[in-house]
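Colleague: Thanks for sitting down with me. Could we go through the labels on this model and check each against its cut-off?

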Amino acid sequence: MDKYQIGINAGKVWQLLNDNKRWSYCDLKLAAELSDRDLNAAIGWLARENKIDFEVDNGDDCLFLSVNVYIG
């Protein structure tokens with residue numbers, strides 16, 4: 001695994017999350033067709049860039065796009 005591939009995987013995950021719904025980890029893993037290792041690296045990349053948010057619903061992690069609005 002290298003940084004380039006992690007970035008590619010992060011883009012794949014971001015595209016899936018772009019539908020404005022909350023995704024469970026398992027559903028996102030299946031749709032992205034990534035291993036746990038690759039999906040976790042992609043999620044870390046997006047989290048570090050403040051592009052995703054997380055919530056826990058009934059013990060399951062849900063992921064969704066973070067919307068940052070700056071008024072200035």
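Colleague: What makes R22 partly exposed?

Modeller: Happy to start there, with the reminder that this is a predicted model. R22 has a relative accessible area of 45%. Partly exposed covers the range between under 20% for buried and over 50% for exposed, so R22 at 45% is called partly exposed.

Colleague: And why is R37 called exposed?

Modeller: The relative accessibility of R37 is 57%. The cut-off for exposed is over 50%, so R37 counts as exposed. R37 sits in helix 3, which spans residues 36-48.

Colleague: What makes the E55 and R22 pair a salt bridge?

Modeller: Their side chains meet with an N to O distance of 3.0 Å. A salt bridge needs a side-chain nitrogen of Lys or Arg within 4 Å of a carboxyl oxygen of Asp or Glu, so the pair of E55 and R22 qualifies. The pair links distant parts of the chain, 33 residues apart: E55 is in strand 2, and R22 is in the loop between helix 1 and strand 1. E55 is partly exposed, at 30% relative accessible area.

Colleague: How many salt bridges does the structure hold?

Modeller: Three. Among them is K29 with D36, whose closest N and O atoms are 3.2 Å apart. K29 is partly exposed at 28%, and D36 is partly exposed at 36%. K51 also forms a salt bridge with E49, with closest N and O atoms 3.2 Å apart. Here K51 has a relative accessible area of 36% and E49 has 38%, so both fall in the partly exposed range, between 20% and 50%.

Colleague: Now the helices. Why are helix 1 and helix 3 called roughly perpendicular?

Modeller: They pack at an angle of about 80°, and their axes are 8 Å apart. Angles of 65 to 115 degrees count as roughly perpendicular, so helix 1 and helix 3 get that label. On the helix 1 side the contact is made by K3, I6, G7, N9, A10, V13 and W14, and on the helix 3 side by D38, L39, A41, A42, W45 and L46. The residues of this contact divide into nine nonpolar, two polar and two charged.

Colleague: Which strands do those helices lie across?

Modeller: Helix 1, residues 3-17, lies across strand 1, strand 2 and strand 3, at about 90° to strand 3. Helix 3 lies across strand 2 and strand 3, at about 115° to strand 2.

Colleague: What makes strand 1 and strand 2 edge strands?

Modeller: The three strands form an open sheet in the order 1-3-2, with antiparallel pairing. Strand 1 (23-24) and strand 2 (52-57) each pair on one side only, and that is what the edge label refers to.

Colleague: How do you know that strand 2 and strand 3 pair?

Modeller: Six bridges join strand 2 to strand 3 (residues 60-65) in the antiparallel sense. Pairing needs at least two bridges, so strand 2 and strand 3 count as paired. D57, for one, stands opposite D60 in strand 3.

Note on methods
Residues are numbered from 1 along each chain as its sequence is written. This is a predicted model: local features need pLDDT of at least 70, side-chain atom pairs count only at pLDDT 80 or more; totals for chains, interfaces and linings use all residues. Side-chain values use heavy atoms; hydrogens and water are left out. Helices (H or I, at least four residues) and strands (E, at least two) are DSSP runs, numbered from the N terminus. Buried means under 20% relative accessible area, exposed over 50%, partly exposed in between (1.4 Å probe, protein chains only). Contact means heavy atoms within 4.5 Å. Axes are lines fitted to C-alpha atoms, for helices over the stretch in contact, and angles run from 0 to 180 degrees between N-to-C directions. Angles under 35 degrees count as roughly parallel, over 145 as roughly antiparallel, 65 to 115 as roughly perpendicular and the rest as oblique. Ala, Val, Leu, Ile, Met, Phe, Trp, Tyr, Cys and Pro count as nonpolar, Asp, Glu, Lys and Arg as charged, and the others, Gly among them, as polar.
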